[in-house]
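Here is a walk through one protein structure, taken piece by piece. Keep the sequence and the 3D view open as you read.

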Amino acid sequence: MFSLFRKPSVRLRNTSQSPAPPSAAGVEPGTELKERLEWFRLRLADCYDVIIHSMADSGRKYGLIYVSGMVNVEMIQEGLINLILDRDENGCESKGSAVDFNTLLFSACTVVDNHNEALRFILEGEVLLIIDGDLRMITYPFNNYEKRSIGEAQNEVVIRGSREAFIEDLHTNVTMLRRRIRSPELKLLHMQIGKHTMTEVVIAYMNGICRPELLKEIRHRLSGIHIDGVLESSYLEEFIEDHPYSPFPQIQNSERPDTAAAALLEGRVVIFTDGTPIVLIAPVTFPVFFQSPEDYYQRSYASTWIRWIRYTFMMVSLLAPSFYIALTTYHPEMIPASLLFSIAAAREPVPFPALFEALIMEITFEGLREASIRIPSAVGQAVSILGTLVIGEAAVRAGIVSSPMVIIVSLTGIASFIVPSYSLGLTLRLIRFPIMFLAGSFGLLGLSLGIYLLLLHLVVLTSLRVPYMTPVAPLKWKDIKDTLIRAPWRLMKVRPSAFGNQPTMRMNTSQHNDGDDRD
């Protein structure tokens, strides 16, 4: 049954480059089993879930250490203990030769000679075997802990495309990526971050496509992170972005394997973090946040139309309340007479200026949106919809706000959900407030000033030293094919020049002779 473990491939770990945990600092014990087991008992004191066994065969002693609940006990018994004690699959003693060290080497096991390194393997859920009189120790990947099954993406829903989403298990996520990119050029670099959590982090990139300087920069920034623990990929995001005090996201995040695979084929880097289904993709540009995986699964004309809708409603989400405040407060002459009379009649019982009226509605809408997320999902949407309708209608009847303001705020709230990226949508919701103050203070002049400062900030931003507004600023005509429009695949023969290494060709055009694939 366990013959598949008895293969010569063994993981050899260079323990000289792995720093010891501070809690495990101390003098290394000798080769005597009793002394070594006592060393582990001291380091793992008050850990009720740690199991330490000792056993012996003819003339030799062994120690076995693991964390209960994280390993498969049956695999330990059938694949290891029976082998050591020379028993058959039914647990009965059988005659055979003594077990030597090489016989204990299973596939994917690790040989270590440093006790601090062995301690780290135990806490990762592996089984440690100690042999009396031999400094070498063996760890076995008999991990067996509960994890969530692969399901659909909750935050990146598409009509056509893959239904799989990443989960919290790092190795499962890497396997899902390997299934999509079956190339030896897909490289995976492993590292651990966090003094106490020792969280596993994997950097994925395509050799020959990813720029070496980009990979070097990301590795440098990740290796410079010194923190007690990393519980989610957002911890890493704040450390590696170029402008940590900017409200705009400079690292893309996703829970879809196809999005990660597409980013790798463009020359970008994907960062996996154990314990979270969200991966980081860097670098990123502003137009990328308006792209959805489904854009590349639908016909180009439909995808282009949807992108125009996204950009339009992005402007609505950002500027609609400010534009209404500026017109009604400072520039009523710009409003058609019939519409102006309707707005004036609706605002007559309202005792507050338009700016204060908008702030009341916007903050109330944000509170209802947050409440719908935190309360149980079965009633969350109902509370959000009913709360908005009831509060809005009651506020209009009470004369606190006007009905046109309710319409503007509702349209603005809906528009913010059209942006595919949740992080960018949240940023637009935050920036809306200072622009509202400028419009309420200076009218259209303040609105223009807010737009100018916003564009100036976007032009200055970079993501891993890549200009944030690429390919608009600086202008790169070849990359325009995948910004405001989504050109057909036959016209996108080159990768985005801001990401990929040279040469940037990703399509063999010699096989197309129809003359429609010219740039």
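Start with helix α4. Its buried residues pack against β7 (186-193), β8 (199-206), α7 (257-265) and β10 (269-273). Keep in mind that this is a predicted model. Helix α4 itself covers residues 170-180. Its buried residues are L170, T172, N173, V174, M176 and L177.

The loop between β7 and β8 holds M198. M198 is not a glycine, yet its phi is positive, about 45°. Is M198 buried or exposed? Its relative accessible area is 18%, and buried means under 20%, so M198 counts as buried.

Next, look at strand β5, residues 127-131, where L128 sits. L128 has 0% relative accessibility, so it counts as buried. Which residues does it touch? Leaving out residues up to four places away in sequence, L128 touches F40, G63, L64, I65, A118, I122, M137, I138 and T139. Take A118 from that list. It is 10 residues from L128 along the chain, and the two C-alpha atoms are separated by 7.1 Å.

Now for the helix pairs. Two packed helices are described by the angle between their axes and the distance between the axes. Helix α8 (residues 300-330) gives two examples.

Take α8 with α12 (residues 403-416). They pack at an angle of about 155°, and their axes are 8 Å apart. An angle over 145 degrees counts as roughly antiparallel, so α8 is roughly antiparallel to α12. Their crossing is left-handed. Which residues make the contact? From α8 come F313, V316, S317, A320, P321 and Y324. From α12 come P404, M405, I408, L411, T412, A415 and S416. Sorted by class, this contact has 10 nonpolar residues, 3 polar ones and no charged ones.

Then take α8 with α13 (422-442). Here the angle is about 15°, and the axes are 9 Å apart. That makes α8 roughly parallel to α13. The crossing of α8 and α13 is right-handed. On the α8 side, the contact uses M314, S317, L318, L319, P321, S322, I325, A326 and Y330. On the α13 side, it uses L428, I431, R432, I435, M436, A439, G440, S441 and F442. By class, there are 13 nonpolar, 4 polar and 1 charged residues in the contact of α8 with α13.

In soluble globular proteins, nonpolar side chains tend to be buried together. The largest nonpolar core in this model has 27 residues. Which of them touch the most other members? They are F248, F286, F290, L318, L424, L458 and Y468. The elements that give two or more residues to this core are α8, α13 and α14 (444-460). Not counting residues up to four places away in sequence, L424 touches F248, P249, F286, F289, F290 and V419. Apart from this core lies another, of 24 residues, with M55, L64, L104 and V111 among them.

Finish with the stretch that holds β12 and β13. The loop between β12 (462-463) and β13 contains L464. Its phi is positive, near 50°, although L464 is a residue other than glycine. Its relative accessible area is 6%, and L464 is buried.

The segment after β13 (466-467) brings in P471. A cis peptide bond joins T470 to P471, with omega about 10°. P474 lies in the segment after β13 as well. The peptide bond from A473 to P474 is cis, with omega near 0°.

Methods: Residues are numbered from 1 along each chain as its sequence is written. This is a predicted model: local features need pLDDT of at least 70, side-chain atom pairs count only at pLDDT 80 or more; totals for chains, interfaces and linings use all residues. Side-chain values use heavy atoms; hydrogens and water are left out. Axes are lines fitted to C-alpha atoms, for helices over the stretch in contact, and angles run from 0 to 180 degrees between N-to-C directions. Helices (H or I, at least four residues) and strands (E, at least two) are DSSP runs, numbered from the N terminus. Angles under 35 degrees count as roughly parallel, over 145 as roughly antiparallel, 65 to 115 as roughly perpendicular and the rest as oblique. A crossing is left-handed if the near helix is turned anticlockwise from the far one by less than a right angle, and right-handed if clockwise. Contact means heavy atoms within 4.5 Å. Ala, Val, Leu, Ile, Met, Phe, Trp, Tyr, Cys and Pro count as nonpolar, Asp, Glu, Lys and Arg as charged, and the others, Gly among them, as polar. A nonpolar core is a set of buried Ala, Val, Leu, Ile, Met, Phe, Trp, Tyr and Cys residues joined through side-chain atoms within 4.5 Å. Buried means under 20% relative accessible area, exposed over 50%, partly exposed in between (1.4 Å probe, protein chains only).
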